[in-house]
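Dear colleague,

Here is the structure I said I would pass on. My notes on what was found in it follow below.

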Amino acid sequence: MTSETAIKIDNVSMCFNLSRDRVDSLKEYFIRLVKRQLFYDEFWALRDISLEIKKGEVFGLVGLNGAGKSTLLKLVAGVLKPTKGTIMVNGTIAPLIELGAGFDPELTARENVYLNGAVLGYSSKTMDKYFDEIIAFSELQDFVDVPVKNFSSGMYARLGFAIATIIKPDILIVDEILAVGDYKFQEKCKHRINELMSGGTTVLLVSHNIDTTKRFCHRVAWLDKGRLIEVGPAKEICEKYEGM
Amino acid sequence: MRKLKYILLIATVGLLMYLLQLKIPNLFFSIEENEVWNSARRLILAFTVSILFCGAIAAVINWKKIRPYLSKLYKFRSLLYQLVKRDFKAKYKRSFLGIIWTILNPLLTMLVLTIVFSSLFRFDIENFPVYLLSGQLIFSFFSEATTLSMGSILSAGSLIKKVNLPKYIFPISKVLSSLINLFFSFLALIIVMVITRAPFSWTMLLAPLPILYTLLFSLGVGLILSAAVVFFRDMMYLYNIFLTILVYLTPIFYPISIIPDRFRFLVSLNPIYHFVECFRTVAIYGGIPTLWQNVVCCLMSLASLLAGLYVFYKKQDRFILYI
């Protein structure tokens, strides 16, 4: 792995055990054990994916529902472990898989900023420094001490986005989140992502909006049913994908 | 091959320790009449020391493998702090008396139990409220820490699914939250001791030791439970029943002397009994726990912790598929 590579995905396969419903209780477990139904159907969400993403690159993933895009993002984020193959990641990751994942609804916005910052591995001292900037970006000045359970979904998303992007990560994972908030905030998000990209952050982006993908990405990978169909320049692949 | 090496090392060091004790019989504990009991003690003591010694050596040799885990925990120390803080805040946020409940709670439970047991069932115990509260303190620490840890992975599910975190941070945070509650219960104990004019002794300063034993033991049990409950939700209900049984098997509100001699060993198999005894010795009786007591407590808490870490480590990658 050269120092130019941000993410290296090597022959990765991911297999899930699909049981029609999960065995949640002991009783069920024994019933199934007796009936010999503990053997699940295997489902390969990803098969033999190899990708290399360079530093500073904006890399998109396209594909239909169930193509394995989100699974791939989760593998890169380190949330899932691949069944086969290896994934190497060079640098810190800010996952934007779902905004506000670590929020506690009972706590106020202020407390949640520190909690969510800690989830991303930042100390409260670091968060002290960025606190005002986060609140300003998310435009929540009047709601700092309101429990987030009273927030609207847009406010929730704004705060989550502000926290995740305020400290420049080496790698940013973006999954369908640009669709939140009003158009003004969307523009702001896009602006922030542009800023990060020009600052050398590697971005891994999933969007069903082909225009967004075309506009932002340098290269795109097309996934279908867990297999890698093609990798190439954004425009070319997106046109092929649309013409499918 | 490597495993064999460790087993040999443990055996050799253990044997040396055993021989040393034969050479100097009164080194660690006073000799009793029963020879079988004496050799059993020697054997257990020798191998405890040996396993600890070899564990330390293994840790030094494998330091490179262990280090990333520790540095990850260090990186997320602020998360640990935030989680504990959140638990503490969230618990009493909505109540009128707030934090005062942490002291009131053990006091009121003790009051009820004291009334019940000093008028309905009479035991020959000097200063019953203090006896009761001190036992209850350790037991509720254990039961709270383990019960909270058990649900910690499930309730952190949404986070675990999205962010790559060291997952054992959740059970640890719950055990630490319980430790804070224990601190307030301790204040309640001191208040009761002042009210009942119980004698204070400097050995109370040693109280953190039995608390540490209980903490490590609870953490081990909590790690196992938190992993188990992800795969079997029934564990929650089973464990509740188990805790109810355990209350009666622990001499919290009765003296150990009411148990017939031939059943005593059953109680002595209960780890909590040892922690409670150890705690009472230092906190209310003004004594110092014997070396043997310490060895037993140490052995049980370390065994529990190691088992917990092992089970958790082996199962943690599969959590996400079942949450």
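**Two helices in chain A**

Helix 4 of chain A and helix 5 of chain A are oblique to each other. This, like everything below, comes from a predicted model. The two axes come within 9 Å and cross at roughly 140°; the cut-off for roughly antiparallel is over 145 degrees, so the pair counts as oblique. Helix 4 of chain A covers residues 124-138 and helix 5 of chain A covers residues 153-166. The crossing of helix 4 of chain A past helix 5 of chain A is right-handed.

Which residues make the contact between them? From helix 4 of chain A they are A:Y130, A:E133, A:I134, A:F137 and A:S138. Helix 5 of chain A supplies A:R158, A:L159, A:A162, A:I163 and A:I166. Sorted by class, this contact has 7 nonpolar, 1 polar and 2 charged residues.

**A:I166**

One residue of that contact can be followed further. A:I166 belongs to helix 5 of chain A. Is A:I166 buried or exposed? A:I166 has 23 other C-beta atoms within 10 Å, and 20 or more is the cut-off for buried, so A:I166 is buried. Apart from neighbours within four places in sequence, A:I166 is in contact with A:Y130, A:E133 and A:I134. A:Y156 lies 10 residues from A:I166 along the chain, and their C-alpha atoms are separated by 16 Å.

**Chain A as a whole**

Chain A has 8 helices and 9 strands. Of its 244 residues, 41% count as buried. Taking contacts in chain A between residues at least 6 apart in sequence, 73% join residues at least 24 apart.

**Chain B as a whole**

Chain B has 14 helices and 0 strands. With a radius of gyration of 22 Å, close to the 20 Å that the globule rule gives for 323 residues, chain B is as compact as a globular protein of that length. Along the principal axes, the C-alpha atoms of chain B fill a box of roughly 65 × 60 × 35 Å. In chain B, 33% of the 323 residues count as buried. For contacts in chain B with a separation of 6 or more, residues 24 or more positions apart account for 79%.

**Where the chains meet**

Helix 3 of chain A packs with helix 4 of chain B (residues 77-92) at an angle of about 140°, the axes being 8 Å apart. These two helices are therefore oblique to each other. Helix 3 of chain A passes helix 4 of chain B in a left-handed crossing. The residues on the chain A helix are A:Y114, A:L115, A:A118 and A:V119, and they meet B:S78, B:L79, B:Q82 and B:R86 on the chain B helix.

Regards

Notes. Residues are numbered from 1 along each chain as its sequence is written. Chains are lettered from A and ligands numbered from 1 in the order in which they are written. This is a predicted model: local features need pLDDT of at least 70, side-chain atom pairs count only at pLDDT 80 or more; totals for chains, interfaces and linings use all residues. Helices (H or I, at least four residues) and strands (E, at least two) are DSSP runs, numbered from the N terminus. The radius of gyration is taken over C-alpha atoms; the globule rule is 2.2 Å times the number of residues to the power 0.38. A residue is buried if 20 or more other C-beta atoms lie within 10 Å of its own, exposed if 12 or fewer, and partly exposed in between; C-beta atoms are placed from the backbone. Two residues are in contact if their C-beta atoms, placed from the backbone, lie within 7 Å. Axes are lines fitted to C-alpha atoms, for helices over the stretch in contact, and angles run from 0 to 180 degrees between N-to-C directions. Angles under 35 degrees count as roughly parallel, over 145 as roughly antiparallel, 65 to 115 as roughly perpendicular and the rest as oblique. A crossing is left-handed if the near helix is turned anticlockwise from the far one by less than a right angle, and right-handed if clockwise. Ala, Val, Leu, Ile, Met, Phe, Trp, Tyr, Cys and Pro count as nonpolar, Asp, Glu, Lys and Arg as charged, and the others, Gly among them, as polar.
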